[in-house]
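User: Please walk me through how to read this model. I would like the general idea of each feature, then the case at hand.

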Amino acid sequence: MNSELSSQQVKDIGEQGLLERLQRFCPPEIIGDDAAVLVTAPEQSLVVTTDVLVDGVHFSNVTTSPEDAGWRAAAANLSDLAAMGASPLGITVGLGLPGEVRVSWVERLYQGMTQCLQKYNTSIVGGDIVRSPVTTLAITAFGQVSPNRIIRRSAAVVGDAIVVTGVHGASRAGLELLLHPELGQDQDLNDAERTALIRAHQRPQPRLDVLPILHKILTPNSQLLTPNSQLPIAGMDSSDGLADAIIQICRASGVGAVLERRQISIPAAFDHWLTQQALEYALYGGEDFELVLCLPQESASALVQHLGKDAAKVGSITPGSTVLLHDEQKKFPDQVLSLSQGFQHFNS
């Protein structure tokens, strides 16, 4: 790309010029009309989710390249579909831009989105572009799922095990390393660990890969499922933190939970770094985009066995409404978890 093209601003080519540039990121057979037409399989439910990301709140050029911002935006929406048990069909992108934004920045943003989407055979199928005083990205994702395989927050029952995929706290640690590069330099944090934590923040992986495994475990004879039968599972993703996910599930289901402190999976790098903050980052750091699932004990054990080190039982669903952090070794007092300890928009 020559310097003249790379320095072009959005206002230099206008709305139609920018749309022409961006249409190459979309399937030509879908775009071109007033709306996209997505075909779902017979007897499938349509799942729709929307996320809005704002420059300076959800991403910045200090911590995120345009490609990484695009990847994270797409991954956040795919993670919401995974949390519902749905397979992705496509996304639409609403983009608000100041005229001074470089065209190359926008193209790189879309490159990041498509890099993430291609991994899951998903495409950008439409959207809109408007002038805005601040760069804003609004994505709507569409997915499909059999009605009896929908994962809802409200389906947890007393006695269920709580299973989480992956590790928690990595994304927040990666963000801190990006904001404060000097962190960890005096510790035993090696280059591989540092890179892994930063990548966890910049390139999160939505856990769509877990769904086929989950269905296989919960429905060993899935052809016997009736339209009115429902998989015994509740869940959501941990985009706002592990504690937030468990509390939200419990509120929706009218139950409580006990979370075992020592069962929470944290990055190996935390063994010699951030020891004081490791648990806080895991519970409240957010943006790990893992799945938090509540299911019968036997099924939970089968899922953990199948996923190996990539999943763990971290607690169980209890009567009442309290979500308790417990230490079975009794080195720490029990702690009641609440949403007020994590990030909430509009809180001072």
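**Cores, folds and loops**

User: Leaving aside its neighbours within four places in sequence, which residues is Y110 in contact with?

Analyst: A contact means heavy atoms within 4.5 Å. Once neighbours within four places in sequence are set aside, Y110 touches L22, F25, V93, L95 and I124. Before we go on, note that this is a predicted model, where local features need pLDDT of at least 70 and side-chain atom pairs count only at pLDDT 80 or more, while totals for chains, interfaces and linings use all residues. Residues are numbered from 1 along each chain as its sequence is written, and side-chain values use heavy atoms, with hydrogens and water left out.

User: How many residues does the largest nonpolar core have, and which have the most contacts inside it?

Analyst: In soluble globular proteins, nonpolar side chains tend to be buried together. A nonpolar core here is a set of buried Ala, Val, Leu, Ile, Met, Phe, Trp, Tyr and Cys residues joined through side-chain atoms within 4.5 Å. Buried is under 20% relative accessible area, exposed is over 50%, and partly exposed lies in between (1.4 Å probe, protein chains only). The largest core has 57 residues, and V106, Y110, M113 and I124 have the most contacts inside it. Helix α3 (residues 66–83) is its top contributor, giving nine residues. There is also a second, separate core of 28 residues, with I246, I247, V255 and A312 among them.

User: How many helices and strands are there in the protein?

Analyst: Both are DSSP runs, numbered from the N terminus: helices are H or I with at least four residues, strands are E with at least two. The protein has ten helices and eleven strands. Its radius of gyration, taken over C-alpha atoms, is 21 Å, close to the 20 Å that the globule rule gives for 348 residues, so the protein is as compact as a globular protein of that length. That rule is 2.2 Å times the number of residues to the power 0.38. Of contacts between residues at least 6 apart in sequence, 85% join residues at least 24 apart, and buried residues make up 50% of the 348.

User: How many of the residues of helix α5 are buried?

Analyst: Seven of the ten residues in α5 (residues 170–179) are buried, so this helix is largely enclosed by the rest of the structure. The buried set is A170, S171, A173, G174, E176, L177 and L178. These residues pack against α6 (191–202) and α9 (278–284).

User: Now for backbone angles. What is the phi of F289, and what is that of K330?

Analyst: Most residues other than glycine have a negative phi, and most peptide bonds are trans. F289 has a positive phi near 55°, and K330 has a positive phi near 60°. F289 is in the loop between α9 and β8 (291–295), whereas K330 is in the loop between β10 (323–326) and β11 (335–336).

User: Is each of them buried or exposed?

Analyst: F289 is buried, with a relative accessible area of 6%. K330, by contrast, is exposed at 68%.

User: Where is S321 found?

Analyst: S321 is in the loop between β9 (311–318) and β10, and is exposed, with a relative accessible area of 63%. Apart from its neighbours within four places in sequence, S321 is in contact with V255 and G256. Its C-alpha atom is separated by 38 Å from that of L178, 143 residues apart along the chain.
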